[in-house]
Amino acid sequence: MIDAGRLIVERCVAEDGSITGEHGVGIEKREFMPLMYSADELQAMQDIKEVFDPAYLFNPHKILPTRMPTPEPLPEPGAPLTSTFAPVHAAEAAEAIRAWVAAGKSIRVAGASTKSRVLTPSNPQADALLLTANLKGISTLARDDLYVTVGAGTPLNDLQEELAQHQMFVPLVAPWAAATVGGTVASNFNAPLRIRYGAIRDNLLSTTVALPNGRVIRAGRPVVKNVAGYDLPRLFVGSHGTLGLLTDVTLKLAPLPRMRASLIAGIDNDHDHTASDRALRLGLELQRLRLVCSALLVCKGTYVGSEAPYALVYAVEGLPEDANEELAQVQRVLEVHGVEEIDRLEEMDGSGVWANIVRNSGSTDATTLFRIGVPPGELLNMHASIASTFLELSQVPKPFVFDIASGLLYFHVPTDSLAEIERVRAKALALGGYGCAPLHAGSTTFDPWGYQSEGMDLMLILKARWDGTGLFNPGAFVV
Amino acid sequence: MTTLDKDAMRRSLAGVLPANQIVTDPISLITYNRDAGLDPGMPDGVAIPTSTEDVVRLVQWASKAQVPLVARGAGTGLSGGAVAEHGGVIVQFSRMQHILAFDQRGGSLMVQPGITNQQIDSAVKAHGWYYPPDPSSGRAASLGGNIAENSGGPHCFKYGVTTNYVTGLQAVLATGKVVHVGGRALDYPEYDLVALLTGSEGTLAIITEASLRLIRNPPAVKTALASFNSVEAASQAVSRIIAAGLVPATMEMMDQRFMRVIEDYAHAGLPINAGAALIIEVDGYPASLDPQMAEIEVILRETNAIEQRFAKDEEERARIWLGRKSAAGAMARLAPAYYLVDGTVPRSKLAAVLSDVSAICDNHELRVVYVFHAGDGNLHPLILIEDPKTKNWCSV
């Protein structure tokens with residue numbers, strides 16, 4: 001009987017599926033793991049196990065096969081390449097990494113450098129630049145199976161244009177036109193539409209990675225239940241290229257929505273609340289209406305033609321009957337609360353509003369983009385702290401945007417006011433959140449991340465496990 | 001692993017937690033010899049913590065005594081994940097099932113791992129929220145087990161699996177240190193350790209709290225049952241529905257053999273003369289349901305559905321689902337046990353793979369029935385175990 005089970009899962013693996021969907025590996029399927037994963041991929045999982053539990057105290061002998069296959073020895077590293085290299089596939093990237101590491105050269109990875117201040121800061125210790133520029137194009141477009149595999153260096157906009165011809169899209173938005181798919185995934189820069197379609201971590205099914213140790217793994221598979229064993233694909237989301245170079249990514253596809261529309265409401269003071277406070281309260285009230293909502297934003301200074309200082313944006317997309325009903329409900333709530341200035345805009349994309357604000361007031365030498373994340377229910381408390389700080393920071397007239405549904409706030413801070421912003425950051429931490437400047441290169445006086453994960457020890461051990469020399473993308477992230 | 005003999009280990013364990021939180025008598029331990037899967041493993045003891053501090057004490061003791069710990073929720077898992085295969089102590093979470101915080105405005109929930117899916121469902125739906133993962137064992141299954149196995153369910157085609165809803169975890173590491181990773185906010189600047197722990201089957205740490213994000217409970221739902229001559233024809237309908245840009249909340253498929261087994265047991269009115277049947281459920285605002293179903297009806301007709309049945313009320317909907325959810329009971333009438341193979345393929349390959357699965361089972365002279373999540377390509381062939389005493393089914 002187990003022979004039959006083995007043949008069945010072998011058949012699944014042959015179709016690029018998984019040996020398990022939702023029942024786990026456990027005892028039953030641990031010996032099947034080598035059917036799905038290479039020795040290098042299993043080794044990466046064993047590394048994870050030993051980072052967390054080196055003594056094998058917790059649930060030993062599960063997931064990993066009793067006899068781990070031995071990874072093939074790596075070839076001797078070649079001579080170091082020139083200081084800039086753009087591989088055309090993962091194996092070539094791994095070869096370059098091995099050569100550079102053997103020569104003791106530090107490596108910076110970069111896509112389009114749209115977030116260059118974090119991904120390629122002027123770091124005198126980065127000896128070599130590894131680019132994704134030649135990792136471009138769609139390799140698989142599976143419309144029936146709702147996934148696309150694409151080179152990590154492909155501009156996200158190019159991918160969306162291609163997919164639109166098939167009435168599909170990937171639910172990712174980057175504020176910068178040249179942003180690559182790989183860079184968007186590695187930086188975990190989530191647009192408001194994540195509330196409708198899931199975050200980047202939820203849309204990444206699979207990725208091929210050249211690890212800092214010079215090995216190549218394929219993490220995940222192009223199916224909804226995409227992993228057996230440890231969830232390696234998500235580990236690379238938001239790791240800012242410090243755990244390896246993503247060479248291709250497989251993303252979920254979604255059908256282009258049949259309808260997009262938004263309500264935009266001008267919000268001014270009322271008797272009890274300032275305009276910003278009122279806008280936020282209304283936004284939180286609307287939270288419970290979200291069914292086909294693709295953005296719920298409060299913005300400052302973006303409502304063209306309105307005298308109101310704040311705008312509340314509620315975007316929907318999906319079937320027309322759902323979209324119209326939800327906007328009607330939103331309109332009723334706003335009217336009950338005395339909001340008079342409400343416009344409906346067809347085809348307006350809420351994430352586009354967000355992207356515009358983030359991009360147009362993007363980091364310059366004079367300002368830096370700051371992001372705060374708090375539990376959505378704490379946004380009012382967070383706002384109170386920001387409002388008091390803003391009064392003191394009179395130089396902060398730049399637009400800012402609350403992504404209410406996600407509990408995120410983006411705004412721009414004058415670079416010479418970063419010391420004061422620490423007060424805001426401290427409040428965010430106290431509320432169970434964080435504050436970071438994801439595009440800031442950092443300095444001796446300002447930490448762009450400002451967050452000490454309780455898992456930092458584990459992160460450091462994992463980083464060291466795959467990048468023992470610390471030469472891979474140093475300084476790009478907290479690790 | 002441990003150098004203590006079993007009696008010494010049990011005496012030592014008795015000093016870690018109060019007596020009413022420790023089980024060591026052999027008769028009681030038999031209960032923990034298996035989960036809902038096939039692989040056995042007798043633990044040397046069971047500890048029932050009531051707090052994170054209890055878990056820390058257990059881990060510190062186990063680390064010192066070199067005794068393996070196996071976290072366990074309700075024991076409804078199917079792959080042996082909660083079985084103490086090589087002895088050691090099972091950490092059983094039935095007394096840690098509280099809701100710690102419910103942010104009704106922001107839509108998030110913080111809970112202990114022993115809470116069941118059904119308890120979560122009841123707590124949040126009353127306030128208009130929805131926690132989508134819904135494994136078939138949800139009446140008993142614990143959230144901790146769901147997180148350990150990254151559980152799904154019929155609605156994950158549209159709504160995703162457990163990992164899509166876990167935003168933060170509190171866990172006890174092998175050192176005894178308690179860590180919070182992620183939280184109730186999103187996109188913390190750290191490696192996604194929440195994702196690593198989710199689906200790690202209790203092999204990396206012991207989870208003691210979880211933060212979950214919730215979505216709005218869909219205001220309305222409509223359910224249909226369509227029958228086809230073959231699994232291939234039903235699969236074609238699934239592909240056409242997806243190609244039309246529709247996203248049903250669920251698309252579950254049953255083959256003829258499954259339906260006949262179920263019908264004998266549950267009398268759910270399943271189309272037992274058809275080759276396959278699809279349960280299709282759409283959700284959304286009431287105004288969108290009829291147009292969605294009208295489109296689906298056209299597709300079903302074009303893909304040669306033999307019969308289409310649309311639930312007119314909750315009673316009819318429950319009747320359609322009754323068949324699908326009666327699998328375990330119905331199977332028990334046919335054979336003392338079954339081996340449920342859980343594999344996943346890209347959905348367009350489902351029909352071809354199922355055909356091959358039938359051939360594999362025929363070649364091995366095994367009786368098999370099919371029920372599966374057609375929307376996400378998750379096949380669940382149920383292979384009947386006719387005589388557990390004579391078949392070597394429990395060793396891989």
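Biologist: What should I know before we start?

Modeller: This is a predicted model, so local features need pLDDT of at least 70 and side-chain atom pairs count only at pLDDT 80 or more, while totals for chains, interfaces and linings use all residues. Residues are numbered from 1 along each chain as its sequence is written, chains are lettered from A and ligands numbered from 1 in the order in which they are written, and side-chain values use heavy atoms, with hydrogens and water left out.

Biologist: Let's do rings, then. What makes Tyr451(A) and Tyr188(B) a tilted pair?

Modeller: Rings of Phe, Tyr and Trp (its six-membered ring) pair if their centres lie within 6.5 Å; planes under 30 degrees apart are stacked, over 60 edge-to-face, and the rest tilted. By this rule there are 16 aromatic pairs over all chains. Tyr451(A) and Tyr188(B) sit 5.4 Å apart, centre to centre, with 40 degrees between the planes, and that makes the pair tilted. The pair crosses between chains: Tyr451(A) is in the loop between strand S18 (434–436) and helix H16 (456–466) of chain A, and Tyr188(B) is in the loop between strand S9 (178–182) and helix H7 (193–197) of chain B. Helices (H or I, at least four residues) and strands (E, at least two) are DSSP runs, numbered from the N terminus.

Biologist: And why is the pair Tyr131(B) and Tyr165(B) called edge-to-face?

Modeller: Their ring centres are 6.0 Å apart and their planes stand at 75 degrees, so edge-to-face it is. This pair links distant parts of the chain, with Tyr131(B) and Tyr165(B) 34 residues apart.

Biologist: How do you know whether Tyr131(B) is buried or exposed?

Modeller: Buried means under 20% relative accessible area, exposed over 50%, and partly exposed in between (1.4 Å probe, protein chains only). Tyr131(B) has 3%, so it is buried. Tyr165(B) also comes out as buried, at 3%.

Biologist: What puts Lys49(A) over the face of Tyr56(A)?

Modeller: The rule wants NZ of Lys or CZ of Arg within 6 Å of the ring centre and within 35 degrees of the ring normal. Lys49(A) lies over the face of Tyr56(A) at 5.2 Å from the ring centre. Likewise, Arg260(A) lies over the face of Phe169(A), at 5.6 Å from the ring centre.

Biologist: Now salt bridges. Why does the pair Glu50(A) and Arg465(A) count as one?

Modeller: A salt bridge needs a side-chain nitrogen of Lys or Arg within 4 Å of a carboxyl oxygen of Asp or Glu. The side chains of Glu50(A) and Arg465(A) meet at 2.4 Å, N to O. Glu50(A) lies in helix H3 (residues 39–52) of chain A and Arg465(A) in helix H16 of chain A, so the bridge ties together parts that are 415 residues apart in sequence. Glu50(A) has a relative accessible area of 22%, so it is partly exposed; Arg465(A), at 35%, is partly exposed too.

Biologist: What about Asp121(B) and Lys125(B)?

Modeller: Their closest N and O atoms are 3.5 Å apart, and they form a salt bridge. The two are about one helical turn apart because they are four residues apart in helix H4 (residues 117–125) of chain B. Asp121(B) is partly exposed at 26%, and Lys125(B) is partly exposed at 35%.

Biologist: How much area is buried between chain B and chain A?

Modeller: About 9,300 Å², with carbon and sulfur atoms giving 59%. Buried area is the accessible area (1.4 Å probe) that two parts lose on being put together, summed over both. The contact (heavy atoms within 4.5 Å) takes 114 residues from chain B and 102 residues from chain A.

Biologist: Last one: what makes Thr207(A) buried?

Modeller: Its relative accessible area is 0%, so Thr207(A) is buried. Thr207(A) is found in strand S7 (residues 204–210) of chain A.
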